[in-house]
Amino acid sequence: MTNFENNIENFIETLQKYKIKNVFNPWVDYDEKHDKNEHAPELRQKNLKKYLLARENAKYILIAEAPGYQGCHFSGIPMTSERLILTNNNSLSKK
């Protein structure tokens, strides 16, 4: 495992430890109403790891306080719209 991968693992472990009453943590919490199954938190962790690994050479990575109601809760990728991911909408990357 590279140093970058190790840093990502540590970052995700830190996110998993975050617990506040009445706050949904997408990297550990399971939502019976909206998640497909109880493995949803692990899938979000994997998605976040893949997302960050693809940006290893990025000069900056923006970390947001509020990940957005349409994205992170389901995908694990902050500031995204699940609708865009599921429809494979590439229009944003063509700009």
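What does the protein chain average in pLDDT? This is a predicted model, and the protein chain averages a pLDDT (the predictor's confidence in each residue, from 0 to 100) of 81, with 66% of the residues scoring at least 70.

**View 1. Confidence along the protein chain.** Helices here are DSSP runs of H or I, at least four residues, numbered from the N terminus. Helix H1 (residues 3-17) has the highest confidence, at a mean of 95, while helix H3 (residues 68-75) has the lowest, at 60.

**View 2. The largest nonpolar core.** Five residues form this core: Ile-8, Ile-12, Trp-27, Leu-48 and Leu-52. H1 and helix H2 (40-53) are the elements giving two or more residues to this core. A nonpolar core is a set of buried Ala, Val, Leu, Ile, Met, Phe, Trp, Tyr and Cys residues joined through side-chain atoms within 4.5 Å. Not counting residues up to four places away in sequence, Ile-8 touches Lys-49, Leu-52 and Leu-53 (contact means heavy atoms within 4.5 Å).

View 3. Leu-48 belongs to helix H2. Its relative accessible area is 3%, so Leu-48 counts as buried (under 20% relative accessible area, 1.4 Å probe, protein chains only). Leu-48 and Trp-27 lie 21 residues apart along the chain, with 9.1 Å between their C-alpha atoms.

**View 4. Arg-55 over Tyr-51.** Here the charged end of Arg-55 sits over the Tyr-51 ring, 3.8 Å from its centre (CZ of Arg within 6 Å of the ring centre and within 35 degrees of the ring normal).

**Notes.** Residues are numbered from 1 along each chain as its sequence is written, and side-chain values use heavy atoms, leaving out hydrogens and water. Local features need pLDDT of at least 70 and side-chain atom pairs count only at pLDDT 80 or more, whereas totals for chains, interfaces and linings use all residues.

Note on methods:
Buried < 20%, exposed > 50% of the residue type's maximum accessible area, 1.4 Å probe, protein only.
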